[in-house]
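This report describes a protein chain and its ligand.

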Amino acid sequence: MIRLKRKDKKSNRSATSASIVTPEERPKMRAAGALAAEILDKVGPLIEPGVTTAQIDQLVHELTEAAGATSAPYGYKGFPAHCCTSLNDVVCHGIPDEKRVLKEGDIINLDVTPILDGYYGDTSRTFPVGEVSPLARELVGVTYEALWKGIAAVRPGGRVGDIGHAIQSFVEPRGFSVVRQFTGHGIATAFHTKPEVLHYGKPDTGDLLQPGTCFTIEPMINIGEWRCQILDDGWTAVTVDGKLSAQFEHTLVVTESGVEIFTLGKDERNPLCD
Ligand code: MF3
Ligand code: CO
Ligand code: CO
């Protein structure tokens, strides 16, 4: 996800153009997204007490290379690893670490972004480590459902504010909060482009969703307050109150009739369409 920038009212020169792909490019987004999902499908079952986040990173690295891809996070603005491993009160951008050993009751978000044939697939899931508390389980469930509420709000001719509104109005009545400093983002042949996809907001506001627009939805949901702070490593974002945070992310494209999700897991189907 990207850090929400303050809008410069006079000029918006830092903004790049939105990631709009042609129908001919979609198979490449499909392949990159499928690889990203496959990496999570393979690494997820290995997440258990005793494993270090550095071991997870090593696996992601190996699976990415074996597929002829590279990992976008590695070296991105100096990021030192192949994926983000965000545990418990870490909201996002946790750095894999050989000293960080998973323990029963943790929740961990694993965020991967392989680049395959020049195209990016960006997806993350939050995994429970062994048995977790009922509250942690509820947080993870609500966050997953919030992602799908956001996806369900995507339609050609709609606006990004529809997505944020759908997420916020689902999450807040359940007593959780929506992180505001980080957003979803356009993606295709670059990691983070326009549109900026806030996970809160008002319907019918923000950028227009045109067919071909590729972007991520990646709500970060907290048990306590939404505010985060960045640790001294310059990356790790943690909740200010030390309470748990969860996240799920998919990469998708607006189609002529709705939406296509590029990063569906092998056992995953749209829960809104059954
Ligand atoms: N994958 C993250 C996202 O969803 C970005 C990670 S950037 C990194 O946008 F440098 F921290 F890896
Ligand atoms: Co992302
Ligand atoms: Co990501």
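## Secondary structure

Helices are DSSP runs of H or I with at least four residues, and strands are runs of E with at least two, both numbered from the N terminus. Counted in this way, the chain holds four helices and 18 strands. The model is predicted.

## Overall dimensions

The C-alpha trace spans about 45 × 45 × 45 Å along its principal axes. The radius of gyration of the chain is 17 Å, which agrees with a compact globule, because for 274 residues such a globule would have a value near 19 Å.

Among contacts with a separation of 6 or more, 72% are accounted for by residues 24 or more positions apart.

## A three-stranded sheet

Strands β9, β13 and β16 form an open sheet in the order β9-β13-β16, with antiparallel pairing. At the edges are β9 (177-178) and β16 (245-247), each of which pairs on one side only.

Between β13, which covers residues 220-222, and β16 the antiparallel pairing runs over three bridges. Within this pairing, Ile221 faces Ala246 of β16 as its opposite residue.

How values were computed
Residues numbered from 1 in each chain as written. Chains lettered and ligands numbered in written order. Predicted model: local features only at pLDDT ≥ 70, side-chain atom pairs only at ≥ 80, totals over all residues. Pairing = 2+ DSSP bridges. Rg over C-alpha atoms; globule rule 2.2 N^0.38 Å. Contact = placed C-beta atoms within 7 Å.
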